[in-house]
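Here are my notes on this one, jotted down while going through the model. Have it open alongside as you read.

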Amino acid sequence: MNILLLTARIAYSGTGRISKVMVSADGGRSWAAALQEPVLSKAFTRFCMLWHWDGGTAILQSRSWDEAGNVQPTRAEFVATRGELKAVPPVMAFPNQHFNAVTSWAVDRTGEIKHVYA
């Protein structure tokens with residue numbers, strides 16, 4: 001079954017405007033531009049990508065850049081810089097404060113979506 005999906009999300013930077021958003025449906029092997037107008041300073045910015053799902057498995061990711069040159073890190077870059085937690089933190093704790101790394105979502109052949117590390 002072939003389905004045409006529209007994936008829509010938001011990007012944010014506390015240091016200025018979002019300047020670029022790229023989206024991948026193959027685990028980061030290829031990327032497509034996805035930024036939408038309006039783009040305002042220090043505001044949630046929408047992005048979307050039209051994606052033709054062929055019924056197979058896929059890994060969805062997005063990555064953002066801001067006008068100051070800051071780029072959203074991959075999970076590997078984030079862990080290399082800040083380390084990885086050794087245990088699940090208490091509910092009210094704020095370890096690593098702001099996890100801003102690229103988050104990956106797997107789509108399986110049934111259409112079920114799960115968070116994954118990619």
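Which residues lie nearest the centre of the largest pocket, and how many line it?

1. Bear in mind that this is a predicted model. The lining of the largest pocket runs to 37 residues, and Ile10, Phe47, Ser62, Ser64 and Gln72 are the ones nearest its centre. The space inside comes to about 970 Å³.

2. As for where that lining comes from, strands E1 (3-11), E2 (18-24), E4 (45-53), E5 (58-66) and E6 (104-107) each put in at least two residues. Sorted by class, the lining has 22 nonpolar, 13 polar and two charged residues.

3. Now the largest nonpolar core. It has 13 residues, and those touching the most other members are Val21, Ala34, Phe47, Met49, Trp51 and Val107. E2, E4 and E5 are the elements giving two or more residues to this core, with E4 providing the largest share, four residues.

4. On aromatics, a search of the whole structure turns up one pair. Tyr12 and Phe44 are tilted, with 5.5 Å between centres and 50° between planes. The two sit 32 residues apart, Tyr12 in the loop between E1 and E2 and Phe44 in the loop between strand E3 (32-33) and E4, so the pair links distant parts of the chain.5.

5. Lys20 lies over the face of Trp65, 4.1 Å from the ring centre. The charged end of Arg75 sits over the ring of Tyr117, at 3.8 Å from its centre.

Methods. Residues are numbered from 1 along each chain as its sequence is written. This is a predicted model: local features need pLDDT of at least 70, side-chain atom pairs count only at pLDDT 80 or more; totals for chains, interfaces and linings use all residues. Side-chain values use heavy atoms; hydrogens and water are left out. On a 1 Å grid over the protein atoms alone, a cavity is a set of points where a 1.4 Å probe fits but cannot get out, and a pocket is an open set with protein on both sides within 12 Å along at least five of seven lines; lining residues have an atom within 4 Å of a point. Grid points are joined across faces, edges and corners, and a volume is the space filled by probe spheres set on the points. Ala, Val, Leu, Ile, Met, Phe, Trp, Tyr, Cys and Pro count as nonpolar, Asp, Glu, Lys and Arg as charged, and the others, Gly among them, as polar. A nonpolar core is a set of buried Ala, Val, Leu, Ile, Met, Phe, Trp, Tyr and Cys residues joined through side-chain atoms within 4.5 Å. Buried means under 20% relative accessible area, exposed over 50%, partly exposed in between (1.4 Å probe, protein chains only). Rings of Phe, Tyr and Trp (its six-membered ring) pair if their centres lie within 6.5 Å; planes under 30 degrees apart count as stacked, over 60 as edge-to-face and the rest as tilted. A charge sits over a ring if NZ of Lys or CZ of Arg is within 6 Å of the ring centre and within 35 degrees of the ring normal.
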